[in-house]
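Biologist: I would like to take a close look at a single part of this protein, and I would be glad of an answer that goes through it step by step.

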Amino acid sequence: MKLDILAFGAHPDDVELGCAGTILKEISLGKKVGVVDLTRGELGTRGSAEIRDQEADAAGKILGLSVRENLSFRDGFFVNDEKHQLEIIKMIRKYQPEIVLCNAIDDRHIDHEKGSKLVSDACFLSGLRKIETSIDGKTQSAWRPKVVYHYIQWKNIEPDFVVDITGFTEKKI
């Protein structure tokens, strides 16, 4: 399934906190949007991985996502290496988004920064034909998104751009 926008979050609630208003707005304009969570958020202070799975499923329905996947990387300990990059490349090639959204480059949470760099690097690498990937035995073609935007979750970081989500704030919350 081809998506217009693919949003990545280090944890199952990152996309909702960082860019749910933008996603709601774009879906209302007819865009197909999906989310890929890198971890299940198992180290989170509140709740459990199982509760976060349920919340992510419910949030996906509220947002009207076309798809939501979780790569089950190890919360707190995933790294930006070939193994993890290849998993993200597979998702980018699978959904062929024009736009990728991911965590902020500079953030107080170490997983957000690591996830941002990991996704950004994989977006570039996904366009290289000599990197071979496949899903379910089907070889994937190279694909590079046109743009990667980084969303902000913490109020103390100055944004590079702002999206007006007037009319979508209540549903986001």
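Is cysteine 123 buried or exposed, and what does the search for disulfides find in the whole structure?

Modeller: Please keep in mind that this is a predicted model. In it, cysteine 123 has a relative accessible area of 3%, and because buried means under 20% relative accessible area, this residue counts as buried. As for disulfides, a search of the whole structure finds 0 of them. Cysteine 102 is in no disulfide, and the cysteine sulfur nearest to its own, which belongs to cysteine 123, is 6.7 Å away. For cysteine 123 the nearest cysteine sulfur is in turn that of cysteine 102, at 6.7 Å, and cysteine 123 is likewise in no disulfide.

Histidine 112 lies in helix 4, which covers residues 110–125, and its side chain makes a polar contact with the side chain of aspartate 14 at 3.2 Å.

By way of contrast, tyrosine 149 is partly exposed, with a relative accessible area of 33%. This tyrosine is found in strand 7, made of residues 147–151, and together with Phe161 and Val163, Tyr149 makes a nonpolar surface patch of about 240 Å².

Technical notes:
Residues numbered from 1 in each chain as written. Predicted model: local features only at pLDDT ≥ 70, side-chain atom pairs only at ≥ 80, totals over all residues. Heavy atoms only, no water. Patch = residues over 30% accessible without salt bridge, like charges linked within 9 Å, V, L, I, M, F, W, Y side chains within 5 Å. Areas by Shrake-Rupley, 256 points an atom, 1.4 Å probe, with all protein chains shown as cover. Salt bridge = Lys/Arg side-chain N within 4 Å of Asp/Glu carboxyl O. Helix = DSSP H or I, 4+ residues; strand = E, 2+ residues; numbered from the N terminus. Buried < 20%, exposed > 50% of the residue type's maximum accessible area, 1.4 Å probe, protein only. Disulfide = S-S within 2.5 Å. Polar contact = N/O pair within 3.5 Å; in protein donor to acceptor, adjacent residues only side chain to side chain.
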